[in-house]
Amino acid sequence: MVTDRMKWFTKGLRDGIPIMLGYFAVSIALGISARNAGMTAPQATIASALIMASAGQYIGFTLIAAGASYLEVMVMEAIANARYLLMSCALSQKLDPALPLRHRLLMGLWITDEIFGVSVSVEGRLNPYYVYGMAAVATPGWALGTLMGVVLGNVLPARVVSALSVGLFGMFMSIFVPPAKQNRVIAALVVISFAASYAFNALSWFDGISSGIKIIILTVVISLGAALLFPVKEERHEA
Amino acid sequence: MKHNVYLYILGMWLVTYLIRVLPLTLIRREITNRTIRSFLYYVPYVTLAVMTFPAILTATQSPISGALALVAGLVLAWRGGSLFQVSVACCAVVFLAELVLVR
């Protein structure tokens, strides 16, 4: 239905605004790293508009600067971004099984940490137009912030960049805190995740592992443990 | 740089896109296995929590302002603050805290 699409697209545009602001701030730092890697403004901006992956792009830019081979860059990219595989699996269960392939192919472009986080928090089925709405405002934020970083470098006051950079964490909290309030298992999982993530980052023998891999290991181990110990009761049954 | 930067970008995009799109396109049906369903149900909350802490402490100029933003965000989200409200509040807390903390 057209009205339904418009409703979800508009809601996506609105919910995409905090994502855009956060992306703008974070990607300024990314742009600075691109400039340090010897990339031009068009190159860095195109990379951001297409790839939309913070850690993945940092690693990619670093390897490009080092003159790594195409294969090396692609392998590292797969490792840094492997968490999107899990997110995509989770999102696949939020979609109408009859959703046409073209929508699945299009949505796949914008599975970022933030767009994913907001998408899964939707009640019931996920309408692809919600993702398109968010992407329509979030992508320019990410690309323009990167451009600003390359062109302006450190012109923006450090305290402004610092303040904007926690915006994305605020979004994450607004997604996982409300369910934690309703469900004790999720509340416990949040505490365990915080503690385990802290330990992983503090212990020096994990230093060789990239942050992307740490996220995957922790997510798989903790979620699997919870799934085995506290399987979710099937409340609403789809026919 | 002897390599073509645009080819690097194309390679990075291709790998990232395949990772994002394959499960979405290949898993067309509802998974009935209860353990897998439960696993996928918990994944978002765990992964967002793992990404938030301790990363929020190093995102700012001072770990104290990051910690204050964490507490403010948790409290406000617990009390039903919207996505936008929580996000803006965290930024404001860091900005105000660093007026005092960072000179």
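Biologist: What share of the residues in chain A is buried?

Modeller: A residue is buried if 20 or more other C-beta atoms lie within 10 Å of its own, exposed if 12 or fewer, and partly exposed in between, with C-beta atoms placed from the backbone. In chain A, 48% of the 239 residues are buried. Note that this is a predicted model, in which local features need pLDDT of at least 70, side-chain atom pairs count only at pLDDT 80 or more, and totals for chains, interfaces and linings use all residues. Residues are numbered from 1 along each chain as its sequence is written, while chains are lettered from A and ligands numbered from 1 in the order in which they are written.

Biologist: How many helices and strands does chain A have?

Modeller: Helices (H or I, at least four residues) and strands (E, at least two) are DSSP runs, numbered from the N terminus. Chain A has 12 helices and 0 strands.

Biologist: Which radius of gyration does chain A have?

Modeller: The radius is taken over C-alpha atoms, and the globule rule is 2.2 Å times the number of residues to the power 0.38. For 239 residues the rule puts a compact globule near 18 Å, so the 19 Å of chain A agrees with it. Along the principal axes, the C-alpha atoms of chain A fill a box of roughly 55 × 50 × 40 Å.

Biologist: How many residues of helix H7 of chain A are buried?

Modeller: Helix H7 (residues 113-120) of chain A has 8 of its 8 residues buried; among them are A:Asp113, A:Glu114 and A:Phe116. The cover over H7(A) includes helix H1 (2-36) and helix H8 (128-152) of chain A, and also helix H2 (34-52) and helix H5 (83-101) of chain B.

Biologist: How many residues of chain A are in contact with chain B?

Modeller: Two residues are in contact if their C-beta atoms, placed from the backbone, lie within 7 Å. Here 85 residues of chain A are in contact with 68 residues of chain B. Helix H10 (residues 167-182) of chain A gives the largest share of the chain A side, 13 residues.

Biologist: Is B:Ser62 buried or partly exposed?

Modeller: B:Ser62 counts as partly exposed, because it has 16 C-beta neighbours inside 10 Å. B:Ser62 sits in the loop between helix H3 (55-59) and helix H4 (63-78) of chain B. Its contacts, leaving aside neighbours within four places in sequence, are B:Glu98, B:Leu101 and B:Val102. The C-alpha atoms of B:Ser62 and B:Val102 are separated by 7.3 Å, with the two residues 40 apart along the chain.
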